[in-house]
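Work through the exercises below with the sequence and coordinates at hand. Each task is followed by a worked solution.

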Amino acid sequence: MALTASPWVFTPYPALAPLLIPNTLFYNATTPLSNLTYQITLSYPFEWTTLNPTNSTAEDETEALTVYIPDGNAFSLTASEFLRRRKPVEPTQPDVLVVSIGYPLSNSVYDFPQRAIDFGAPIPPDPLVEGGAENFLEFITGSLRPWVRETIFSERRFTRDALYGHSSGGLFVTWAMANSLGDSEKGFDTYIAASPSLVLNNGTVLESVTAQLGDGVDIPGALPQPEGNVTKPAAFIAYGGYEEFPTRRRTQTEREFQTKRNFMTRLRLARTSHDLYDKLVGSGRLRDTVVKEYAGLDHASVGAAALVDGLVYFMDW
């Protein structure tokens, strides 16, 4: 049966055998406003023997966290399997629901044209599609999140949320942070940006961080300061040591290495990650900000490493 969270309709996939992918639900999200389809994956803890308990027990009343992951085709299983592996050796780990947003793909984990629109991250020389990132954030916070909380897991008690993104997805996370920080409807408790490609879109997202959040000195920032006893968000930024300064792999030719190095150097992932860190700390808008280098990891590898570290950072409050 299709479930609606206006203007989106969520249609379930046929149930898979638990032996294949346990405690996981799959849906297609569609809207009559466009021909766009998102593939939604909900991965919930083994301890949840029912989706919505009718006779609440102490275990059922446990507060749960949620992490939202764009590029779900690439990172959904990474997040859910890590949480399940960690729980037996970290029994105090809180319950975490993994909500992944992917695309209906069968021969790739990336829908490059659509993610460029959704993340506000066009690859030059393609132009920016106006409103793409705004619409994607509105889908996550205005339709997907209420549907998860109020329809699928209506009897669970959800508290903090995190938003994770890698590469272009990290750019989207940064943009979302700059435009929704402190907003109870559109914001998140923790923003996890792995290898954020901040030079895309002419570096305007990095500039908007100061414009929106301020610099703690002369620029107050366009977003209003939170009032009252409000918990400030946190940010986890990561990049690989071999991204901006790659080394040649044993099997690479000199031409292949020079081509890859020239491309990665232009992205300036190390320098812009530290620039972002400095801007966030200077703004005074966050309760904590971390930037971490993963020595010896390249662009593809750091996505998974930063995801699992970012989840630990998110849970450990």
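Helices (H or I, at least four residues) and strands (E, at least two) are DSSP runs, numbered from the N terminus. The model is predicted: local features need pLDDT of at least 70, side-chain atom pairs count only at pLDDT 80 or more, and totals for chains, interfaces and linings use all residues. Residues are numbered from 1 along each chain as its sequence is written, and side-chain values use heavy atoms, with hydrogens and water left out.

**Exercise 1.** State the secondary structure of the protein chain and compare its radius of gyration with the globule rule.

Solution. Step one: the protein chain has nine helices and 10 strands. Step two: its radius of gyration is 20 Å, close to the 20 Å from the globule rule for 317 residues, so the chain is as compact as a globular protein of that length. The radius is taken over C-alpha atoms, and the rule is 2.2 Å times the number of residues to the power 0.38.

**Exercise 2.** Find what share of the residues is buried (under 20% relative accessible area, 1.4 Å probe, protein chains only).

Solution. Buried residues are 51% of the 317 in the protein chain.

**Exercise 3.** Describe the nonpolar cores, meaning sets of buried Ala, Val, Leu, Ile, Met, Phe, Trp, Tyr and Cys residues joined through side-chain atoms within 4.5 Å.

Solution. Step one: the largest core has 54 residues, of which Tyr38, Ile40, Leu42, Phe139 and Leu144 touch the most other members. Step two: helix H3 (residues 132–152) gives the most to this core, with nine residues. Step three: a second, separate core of 26 residues includes Val67, Val98, Val308 and Tyr313.

Note on methods. Buried means under 20% relative accessible area, exposed over 50%, partly exposed in between (1.4 Å probe, protein chains only).
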